[in-house]
Amino acid sequence: MEQSIFGITKKGQEATLYTLKNSKGMEITVSDFGAVLTKVLIPDSVGKKRDVVLGYGSLKEYENNTDTYFGSTVGRNANRLEGASVTCAGTKYQMIPNDGDNNLHSGPDGYQVRMWDVLKEAEQGNSVRFVLESPNGDQGFPGNLKITVSYTLTEDNEIIITYSGISDAETVFNPTNHTYFNLGGHSSGTILNHQLTLYADVYTPVVDSASIPTGETTDVSRTPMDFREAKEIGRDIDAEFNQLLFTGGYDHNFVLDKKAGMKKAVLVECRESGIVMEACTDRPGIQFYTGNFLKNEPGKDGAVYGKRCGFCLETQYFPNAANEPAFESPIIRANEPCETKTIYRFISKGLEKDGGCR
Ligand code: GAL
């Protein structure tokens, strides 16, 4: 593992960048600031390395990362809580509303703008593990929560992200990773030409542009939400379809196979670069977000990211699940450890065979 100084935070802490490499020419960089993923280099079909994740060029920009959430570890709760509140063990807790009346990604003091500790014993092999102590009342949530997140790079070109959490009181535990991918390279323009297969028969429709789910699940058949067979992301994105008009493009939770354990959620391909990515998770849902709110965001290497220049695949419990009895609950019990895993696996067409997710 290579380490370099990322910078000094406004609170005076030194932040570090950790780079993991494998023998296939793939490398990833993460930081203890925010447990963010800042870079993913992968050889394209002719062996030229491309950085396929959007990001910022400086620590200072990551300290203000409360809008785009580039590369973020989001917690305690991913996506929205209606009325910025949640009830745990019979008591109602109030969060800060930062998305109209609702709470988005746990509010302005998210885990992506915190300094995490690094577990020293894990600084070996191709893995780096961060830990954060989130005190009782943090962001409004009950319980002292200890959360760890580890990033592992395998010889199979997988990024394995493992989260674990334990709290001394009932609380919400629904972390995710908010990386924006662009398989043509982070500064290559929109992702509308990527071919997406999303293994979901149903999704959770939203009430209106505030993006709180109705509590129902709706069939994707014969709608722009159907990606069960590979389809260009841009093909139907501007269709006169209410759900897409509410959110200005795809920004919806898709319901994954109910079977327990890891399941394949998504396959995405950029034909120009020959880079393919698949995502597997043990979570029940995945937020497919097409960067609709990006507005000429200045990024690393002089890049400027416009609308739909990256897509996110945020594995999660469904949005507002903590308040929606019809959805599987993200609330964990006191003193019961919880672990969850997401894998993003990359294939360079022409260079490798597709062996599938583990
Ligand atoms: C997504 C969310 C979007 C938007 C984005 C951050 O997870 O669903 O509506 O808020 O994060 O800009």
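How far from an oxygen atom of the ligand does a polar side-chain atom of aspartate 251 lie?

1. The distance for aspartate 251 is 2.5 Å, from a polar side-chain atom to an oxygen atom of the ligand. The protein covers 95% of the 310 Å² of accessible area that the ligand has on its own (areas by the Shrake-Rupley method with a 1.4 Å probe).

2. This is a predicted model, in which local features need pLDDT of at least 70 and side-chain atom pairs count only at pLDDT 80 or more, while totals for chains, interfaces and linings use all residues. Residues are numbered from 1 along each chain as its sequence is written, and side-chain values use heavy atoms, with hydrogens and water left out.

3. For histidine 105, an N or O atom of the side chain is 2.9 Å from a ligand oxygen. For asparagine 79, the distance from a polar side-chain atom to a ligand oxygen is 3.4 Å.

4. The ligand is surrounded by 13 residues, with Arg80, His105, His178, Asp251 and Glu314 the closest (a residue counts if one of its heavy atoms lies within 4 Å). By class, this shell has five nonpolar, four polar and four charged residues (Ala, Val, Leu, Ile, Met, Phe, Trp, Tyr, Cys and Pro are nonpolar, Asp, Glu, Lys and Arg charged, and the others, Gly among them, polar).

5. The ligand sits in the largest pocket (more than half of its atoms lie within 2 Å of the pocket's grid points). A pocket is an open set of points on a 1 Å grid over the protein atoms alone, with protein on both sides within 12 Å along at least five of seven lines; a cavity is a set where a 1.4 Å probe fits but cannot get out, and lining residues have an atom within 4 Å of a point.

6. The volume of the largest pocket is about 400 Å³ (the space filled by probe spheres set on the points). It is lined by 24 residues, and Asp67, Arg80, Leu104, Tyr289 and Phe293 are the closest to its centre. The lining comprises seven nonpolar, 10 polar and seven charged residues.

7. There is one cavity of 30 Å³ or more. The largest cavity has a volume of about 40 Å³, and its lining includes Asn79, Arg80 and Asp251. That lining divides into three nonpolar, six polar and two charged residues.

8. The second largest pocket holds about 290 Å³ of space. Among its 17 lining residues, Lys258, Lys263, Arg283, Pro284 and Glu328 lie nearest its centre.

Notes. Polar contact = N/O pair within 3.5 Å; in protein donor to acceptor, adjacent residues only side chain to side chain.
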